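Dear colleague,

Please find below the structure that I am handing over to you.

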Amino acid sequence: MRRTALNSTARRSATLSGLGLLAITALSGCALGGGGGGGGNGGGGDDGGEPVTLQFQSLAFQDTTIAATEDIADTWNADNPDVQVEIIQGSWDNVQDQLVTQFQGGTAPDIIHYESAAIMSFAEQGYLADLSDTLSDEVMASVSDDVWGTVTSSDGAIIAAPTLMQSYVVFANADALEDAGVAVPTGETMTWDEFAEIARATTGDDTYGVAWGLRSPTATVMNMALNFGGTFFEGEGEEATINVGDAELEVPRRIHSMAYEDQSIDPVSLTQSGTDALPGFFGGTSAMFFGGNFYAQQISESAPEDFNWVVLPPLEGSEGIAQAANPQTLSVPAESDNAEAAGEFINYFMNAENQAALAQGDWLIPASAEAREVVATETGGENGWDVILQTAEALTVAPFQSASGYVQWRDQVATPALQQYFADEISIDELQSQLQEGYSS
């Protein structure tokens, strides 16, 4: 689960390259402690030799998150002189290609930071260790079964620990809603119909109800489709099939209707990234903004001082408020010389206090329920954290995460087709045909 570019913090791109296979298949020969190759020094520690050095390739990029990660490693190192963690700074921009090279050359670091939808492609190739016997009972209990499902193979092997997640939310200018005579929703959820009504009510001669950055629309559509039971895929791996029906088309149909029938979505924003669409929200040309929850950071830091913003209740469709979980992850190479020690560090990394510090640094949602409680206490639920943390309960594994060829279909078929549809260049039937016929496992 990655974040799109945000101002000087340069949020990472959501496009994955490289392997492009997301099948969740049985892992063979990937138990912890597999010998040979891999990063780290091996040996040492308990027999009086040199300390074990664990290479931890971290993708943290914000100053606050880098500092939190370094603090976790420093505290571990102080308490564990026989097992020292060395942080290697990686980048979301090239991690996929880098890991391909590292795995093929036997030089992968002992601990790999990535995301569940992408790391599964390496699991399929047998490159990742099964963490089932190393992750502590406390860690296992702190994360929901739905989220564990995003990092679990078809034979039950756990190939990563889920750390931070994101959800999609609606941000609103509370003053703009009040000026339009609209009460700010305060219920547990907000239906899509209510959302559309608010957007219509706040649209005027020079203003729009929503700024919605949809330059890269597939993630939004695939995640929010679960609100209406839209799964797109059935089966796993090479056996996966695609089915684009009414449920899968409901979200793009509603977006298109808001844009071209109600004219309540800023048409310029449809061609922009979320970051590019934010200034219109700040400047009053739109009353609401739709995007990943992490945009709360930029809004809190960059919006005008008197900008009165809120996070609206989670969007609810006919099947509830479910969204796809694609957590950031920590994995261990199957061939690491130090797999057991790496697993112990991951247990430490996953404790509630550590996860809460990382979450607040990155403005993301901890996969750990205990960590979410810490964040709720430390933030007081302000700056949208109350609603953002609430959405974690509905994050679940999505069928597309186990379909071979998903990434290629997403980049080469779904994204251009949705862009055409949101530009009003093709019909809903043509969109359905392109999405359905463009997939091949």
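Predicted model: local features only at pLDDT ≥ 70, side-chain atom pairs only at ≥ 80, totals over all residues.

Helix α14

Helix α14 spans residues 369-379, and its buried residues are A371, R372, V374, V375 and T379. These residues lie on the same side of α14, because the arc they cover around the axis is only 155°. An α-helix has 3.6 residues a turn, so residues three or four places apart point the same way. Exposed residues E373 and T377 sit on the face of α14 that is turned away from the buried side. The cover over the buried residues of α14 includes two strands, β5 (164-165) and β16 (365-366), together with the helices α13 (352-362) and α15 (385-390).

Both ends of the helix deserve a remark. At the start of α14, the backbone nitrogen of E370 has a side-chain oxygen of S368 within 3.3 Å. After α14 comes G380, which has a positive phi, near 65°.

Cavities

How many cavities of 30 Å³ or more does a search of the whole structure find? The search finds two. The volume of the largest cavity is about 110 Å³. Its lining consists of 17 residues, and those nearest the centre are H113, L164, Q328, F349 and L358. Two or more lining residues come from each of β1 (52-58), α1 (63-79), β15 (328-331) and α13.

Yours sincerely

Technical notes:
Residues numbered from 1 in each chain as written. Heavy atoms only, no water. Buried < 20%, exposed > 50% of the residue type's maximum accessible area, 1.4 Å probe, protein only. Helix = DSSP H or I, 4+ residues; strand = E, 2+ residues; numbered from the N terminus. Arc of directions from axis to C-beta. Contact = heavy atoms within 4.5 Å. Polar contact = N/O pair within 3.5 Å; in protein donor to acceptor, adjacent residues only side chain to side chain. 1 Å grid on protein atoms, 1.4 Å probe; cavity = no way out; pocket = protein on both sides within 12 Å on 5 of 7 lines; lining within 4 Å. Points joined across faces, edges and corners; volume = space filled by probe spheres on them.
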